Amino acid sequence: MSPSIAFRPAPPLLFRLTPAVFRLFAASATTTLAPTREPETVTVPVPSTSRKPRGKKVVLDAQQLKLNWLESLSFPMPENDGLRAPEDSGPGNADSRWVLGVDPDLSGALAVLNPDNSAQVYDSPHLQVLVGKRVRKRLDVKSMVQLLKRVDAPVGTTVYIEQSIPYPQDGKQGWWSGGFGYGLWIGILVASGYSVVPVPSSLWKNGFKLSGSRSSKDASRELATTLFPSMSSLLKRKKDHGRAEALLIAAYGKGMKVDTDSSCILKDPVP
């Protein structure tokens, strides 16, 4: 007899329902934004003594599962966590004008948008390690923690990170490296006092119309330079695309838009 599956609603949400979070849910499940939503039937694995895996169809609230996932990526924000000054540690003190963006690839970066929309960008720290008989690059965990300590953002600041999605052409090493970096960044960010919102690449790129002929890395660098002219000297080289994408992910999270016809920077009207 299959065991019953209990569904426990999430506690009150701690993360901020920012415009980007709203668009994330709107794009991934438009039907769930209706006043009345129907639960979805999904197949979940059921423990089995046989080698053949078994599944059981159950009715779950897909929207609530997504909310539970975001809740688990939100820093709990105690009164004094020791990570920031006590006066900045209350749940109502996180300045919503601060936004961070992360491209979690090895060639990626961390972007910081300050309340005045000025920007900083930092390459993801990495080091060389021996894997079998080959030398490969891996993210440097200690340096990542030290980098986040230098970012003077309030506790609970939202970080938008590009969601890792494996592609067949990436191969096993690419799959492993992408998933490793994505998970590592999430764990370090939450432990460092930030709340994380994963964003699929297709979502933020479509928001800036970076598709079709404008889907190249060069197009990302060009757009990031338009949005952040002060960063132009850091975006000149082709290998600076990770910096550009981190800046664009942060800009998407903050609700910035650009008119590609006139290169006019616009603001998202959603509060």
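Mentor: Five strands form an open sheet in the order S5-S4-S3-S8-S9, with mixed pairing; two strands count as paired if DSSP finds at least two bridges between them, and strands (E, at least two residues) and helices (H or I, at least four) are DSSP runs numbered from the N terminus. The edges are S5 (119–123) and S9, each of which pairs on one side only. On average, neighbouring strands of this sheet are turned by 20 degrees against each other, direction ignored; axes are lines fitted to C-alpha atoms, for helices over the stretch in contact, and angles run from 0 to 180 degrees between N-to-C directions.

The model is predicted: local features need pLDDT of at least 70 and side-chain atom pairs count only at pLDDT 80 or more, while totals for chains, interfaces and linings use all residues. Residues are numbered from 1 along each chain as its sequence is written, and side-chain values use heavy atoms, with hydrogens and water left out.

With S8, S3 pairs in the parallel sense over four bridges; here Val102 faces Ile161 across the pairing. Strand S8 is also joined to S9 (residues 195–199) by five bridges, again running parallel, and Thr158 stands opposite Ser195.

Five of its five residues are buried, that is, under 20% relative accessible area, where exposed means over 50% and partly exposed lies in between (1.4 Å probe, protein chains only). In a regular strand the side chains alternate between the two faces of the sheet. In S8, both faces are covered: Thr158, Tyr160 and Glu162 are buried on one side, and Val159 and Ile161 on the other.

Helix H7 (residues 241–254) packs on the sheet and touches S3, S4, S5, S8 and S9, contact meaning heavy atoms within 4.5 Å. The direction of H7 makes about 140 degrees with that of S3. Leaving aside neighbours within four places in sequence, His241 is in contact with Ser107, Lys217 and Arg221.
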